[in-house]
Amino acid sequence: MYEFLMNNLMWFWLLVMILCVVIEAVTFSLVTVWGAISALLMVFIGRTLLPFKWQIIIFFALTIALVLTTRPFAVKKLRLGSHKTNVNSMEGQEVLVTKKITKFDKGEVKATNGVIWTAKSADESEIEAETVCIVSSIDGNTLSVRRK
């Protein structure tokens, strides 16, 4: 088995590349994709007479170099982790107060999509019903609003 592997290293590196691509497809963490790129290069190096231990060293050196140099740029361009959820997109939206908000009692507001939310005043002032407000922040399922 060992002799077969040493005589067919390009297939080993192809298998490593496929494995890295599958892991990246499942996790999308932009780490194993650089291993897949390194393994693709190693497919060609695997056809040479370079000893296996040197191929492993080259593979890991390439992968680490790619992760350190290109991952931050790729994360920035792809904006991973910066997508707003439905709740976070509420910040800055106009809402209509449907139940009076006081310093000590939460009220209710109606969003533009018709959903009723529990709300509190951002500056702890009283806000009467039928007042248009702006969502300043979200704390759990409670919107913090201020007068427009």
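A word on conventions before we start. Residues are numbered from 1 along each chain as its sequence is written, and side-chain values use heavy atoms, with hydrogens and water left out. Because the model is predicted, local features need pLDDT of at least 70 and side-chain atom pairs count only at pLDDT 80 or more, while totals for chains, interfaces and linings use all residues.

Let us begin with helix α3, residues 32–45; helices here are DSSP runs of H or I with at least four residues, strands are runs of E with at least two, and both are numbered from the N terminus. The end C-alpha atoms of α3 are 19 Å apart, which agrees with the 20 Å that its 14 residues should span at 1.5 Å a residue (the expected span is 1.5 Å times one less than the number of residues). Among the buried residues of α3 are Trp34, Gly35, Ser38, Ala39 and Met42, where buried means under 20% relative accessible area with a 1.4 Å probe, protein chains only. The buried residues of α3 pack against α2 (9–27) and α4.

Helix α4 covers residues 52–78, and α3 and α4 pack at an angle of about 145° with their axes 8 Å apart. These axes are lines fitted to C-alpha atoms over the stretch in contact, and angles run from 0 to 180 degrees between N-to-C directions. On the α3 side the meeting residues include Trp34, Ile37 and Leu41, and on the α4 side they include Ile58, Phe59 and Leu62; contact means heavy atoms within 4.5 Å.

Phe59 counts as buried because its relative accessibility is 8%. Leaving aside neighbours within four places in sequence, Phe59 is in contact with Trp13, Val16, Gly35, Ser38, Ala39 and Met42. The C-alpha atoms of Phe59 and Ser38 are separated by 5.9 Å, although the two residues are 21 apart along the chain.

Now to the strands, which pair if DSSP finds at least two bridges between them. On one side, β2 runs antiparallel to β1 (residues 94–99), joined by 3 bridges, and Leu96 has Lys110 as its bridge partner. β2 also runs antiparallel to β3 (residues 116–121), joined by 4 bridges, with Lys110 opposite Ile116. β2 and β3 form a hairpin with 5 residues between them, and Gly114 in the turn has a positive phi of about 90°.

Terms used
Buried means under 20% relative accessible area, exposed over 50%, partly exposed in between (1.4 Å probe, protein chains only).
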